[in-house]
Amino acid sequence: METFRPEENRYVIDQESSVEMARLMELDILTTKCMGSLFPADVALSTIHDVLDVACGPGGWVSEVAFAHPEKRVVGADISHSMLSYARAYAEVQGLQNTTFYYRSATEPLDFPDDSFDFVNSRFMVGFMWKEAWPNYIQECARIIRPGGVIRLTESDCMSGLSAGNSVALSWFNRIMVRAFYRTGRSFCEDEDGYQVGVTPMLPKFLKEAGFQAIREQPHLLNFSAGTETRERMFKNLQIGLKLVQPFLVKAGVTTEEEVERCYQQVITDFMSEDFRAAWYFTSVYGVRGEK
Ligand SMILES: C[S@@+](CC[C@H](N)C(=O)[O-])C[C@H]1O[C@@H](n2cnc3c(N)ncnc32)[C@H](O)[C@@H]1O
């Protein structure tokens, strides 16, 4: 079984992989569209000047915000050198003058001054955050966000992208991934045979403890069944993601190379079926920094 050392940065997929970067570009398009807008609808955009996206991947959200709001300064942070380098190059191609990308780890103190941002965003960090890292990260965000500024965390509790559906193989993947997350210290759910990692119900508590107020939760639903326009993008996302995650699953001792490959092939077959039904739920939790 994989041993777990908190001082290590451990993302379940090789973060320098170019095909993982391609997957994250698709994921960004899918999820931003599903979320409906770049910022929560009830946040006053005129009060937001400095924006940070932590674990920004190839920088899709950062670029979109910078393009749509040239008056805002938008910063992306990640620990993948290849993604940061792509994000910088793409911002240059787009002629964006208001973006900067830094190497920063969410599991270490964030090297930004106190009170330097009005909005801190992070999406899908559960793949590298062990559970003890969440409160520390949110406390760090509280330090760098100005009073009146907003934090938004968007996460999923279902690891294979399947919250509900009729593919037994995809459901198996979810269960096996939840078990691996449990064994490697990433799950808040005490049931290693459960179907979810229980991170999203923890976030309002952590936000409150760190001094955030007016905490709100916003669910998102992405239906990628046969016949939907999202199916192709989700297919590419899972075709890559479920392949690249296999070494982590085998190392965590929850499956064998043969078993996981067999189930992977079955997921691909299920996806092609015109009877394929599947939906993915994820949640944004956001709150306002109180006076310090
Ligand atoms: C699932 S991706 C999310 C990408 C992006 N936030 C999105 O929603 O499209 C996870 C990202 O976390 C990054 N990452 C892994 N470990 C990290 C760490 N310790 N600190 C910051 N980012 C990390 C990976 O390089 C990858 O880009």
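Reader: Which elements each supply at least two residues of the lining of the largest cavity?

Author: The general idea comes first. Rolling a probe the size of a water molecule over the atoms shows where empty space is left. In this predicted model, the helices and strands that each give at least two residues to the lining of the largest cavity are α1 (18–35), β1 (50–54), α2 (60–68), β4 (117–123), α5 (168–183) and α7 (231–244).

Reader: How many residues line the largest cavity, and which lie nearest its centre?

Author: The lining comprises 47 residues, and those nearest the centre are Tyr 11, Arg 23, Leu 24, Leu 27 and Phe 124. By class, 26 of the lining residues are nonpolar, 14 are polar and 7 are charged. The volume of this largest cavity is about 840 Å³. The count of cavities of 30 Å³ or more comes to 1.

Reader: Which polar atom of Ser 105 lies 3.0 Å from a nitrogen atom of the ligand, one of the side chain or one of the backbone?

Author: For such a pair of N or O atoms, the cut-off for a polar contact is 3.5 Å. In Ser 105 the polar atom belongs to the side chain, and it lies 3.0 Å from a ligand nitrogen. With Ala 55, a polar backbone atom is 2.7 Å from a nitrogen atom of the ligand. As for cover, the ligand taken alone exposes 600 Å², and 97% of that is buried by the protein.

Reader: Let us turn to the pockets. Which residues line the largest pocket?

Author: A pocket is open, whereas from a cavity the probe cannot get out. Here the lining of the largest pocket consists of Met 25, Asp 28, Ile 29, Pro 58, Gly 59, Gly 60, Ser 63, Glu 64, Tyr 86, Tyr 90 and Gln 94. Two or more of these lining residues come from each of α1, α2 and α3 (81–93). By class, the pocket lining has 5 nonpolar, 4 polar and 2 charged residues.

Reader: How much space lies in the largest pocket?

Author: The largest pocket holds about 190 Å³ of space.

Key
Residues numbered from 1 in each chain as written. Predicted model: local features only at pLDDT ≥ 70, side-chain atom pairs only at ≥ 80, totals over all residues. Heavy atoms only, no water. Polar contact = N/O pair within 3.5 Å; in protein donor to acceptor, adjacent residues only side chain to side chain. Areas by Shrake-Rupley, 256 points an atom, 1.4 Å probe, with all protein chains shown as cover. 1 Å grid on protein atoms, 1.4 Å probe; cavity = no way out; pocket = protein on both sides within 12 Å on 5 of 7 lines; lining within 4 Å. Points joined across faces, edges and corners; volume = space filled by probe spheres on them. Helix = DSSP H or I, 4+ residues; strand = E, 2+ residues; numbered from the N terminus. Nonpolar A, V, L, I, M, F, W, Y, C, P; charged D, E, K, R; others polar.
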